[in-house]
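Hi,

Here is the structure I said I would pass on. Have a look at it first, and then read on for what I found in it.

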Amino acid sequence: SDKDMNVVGYSLLLSVLEYQTAVMRQDFETAKQVHAYVLHVCVTDSSLVSLYMYMYMYAFTINMKAVLL
């Protein structure tokens, strides 16, 4: 079984990747648009995955602001 073989599944949320890419390119307009989309998803879909995705993006933003300053 997967558990016996230590196989772990994960999903990569495209919107998080798009956001990170935009911030790294300093394309803050695109980052703002993606952020608005993710916020909308979090409000309409109250799942823990959505909340985690939003919290991760927020933490990434805080870290990148420190790097870019």
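Of the 69 residues in this chain, 25% count as buried. Please keep in mind that this is a predicted model.

The overall picture is quick to describe. The chain has three helices and zero strands, so if you start at the N terminus and walk along, the elements read α-α-α, with helices and strands being taken from DSSP runs. The chain exposes about 5600 Å², and carbon and sulfur atoms supply 63% of that. As for contacts with a separation of 6 or more, 45% of them come from residues 24 or more positions apart.

Ser15 counts as buried because its relative accessibility is 11%, and buried means under 20%. Setting aside neighbours within four places in sequence, Ser15 is in contact with Val34, Tyr37, Val38 and Met53. Gln20, which also lies in helix H1, counts as buried at 15% relative accessibility. With the neighbours within four places again left out, Gln20 is in contact with Tyr56 and Phe60.

What comes after H1? It is followed by Gln26, with a positive phi near 60°. Gln26 is not a glycine, and you will find it in the loop between H1 and H2. Most residues other than glycine have a negative phi, which is what made me stop here. Gln26 is partly exposed, at a relative accessible area of 47%.

Side chains of opposite charge can pair when their charged atoms come close. How exposed are the two partners? Arg25 counts as exposed at 53% relative accessibility, whereas Asp27 is partly exposed, with a relative accessible area of 24%.

Next is H2, which covers residues 28-44 and so has 17 residues. From its first C-alpha to its last it reaches 24 Å, close to the 24 Å expected at 1.5 Å a residue. Which residues of H2 are buried? They are Ala31, Val34, Val38, Val41 and Cys42. These cover an arc of only 100° around the axis, which puts them on the same side of H2. On the face of H2 turned away from the buried side, the exposed residues are Lys32, Val43 and Thr44.

Leaving out neighbours within four places in sequence, Val38 is in contact with Ser15, Met53, Tyr54 and Met57. Val38 and Val16 are 22 residues apart in sequence, yet their C-alpha atoms are 8.3 Å apart in space.

That brings me to the largest nonpolar core, which has 13 residues. Those that touch the most other members are Tyr19, Val23, Ala31, Val38, Met53, Met57 and Phe60. Two or more residues come from each of helix H1 (14-24), H2 and helix H3 (48-68). H2 gives the most, with five residues. In soluble globular proteins, nonpolar side chains tend to be buried together.

One last stop is Phe60. Aside from its neighbours within four places in sequence, Phe60 is in contact with Tyr19, Gln20, Val23 and Met24.

Enjoy looking through it!

Conventions. Residues numbered from 1 in each chain as written. Predicted model: local features only at pLDDT ≥ 70, side-chain atom pairs only at ≥ 80, totals over all residues. Heavy atoms only, no water. Helix = DSSP H or I, 4+ residues; strand = E, 2+ residues; numbered from the N terminus. Expected span 1.5 Å × (residues − 1). Buried < 20%, exposed > 50% of the residue type's maximum accessible area, 1.4 Å probe, protein only. Arc of directions from axis to C-beta. Contact = heavy atoms within 4.5 Å. Areas by Shrake-Rupley, 256 points an atom, 1.4 Å probe, with all protein chains shown as cover. Core = buried A, V, L, I, M, F, W, Y, C linked by side-chain atoms within 4.5 Å.
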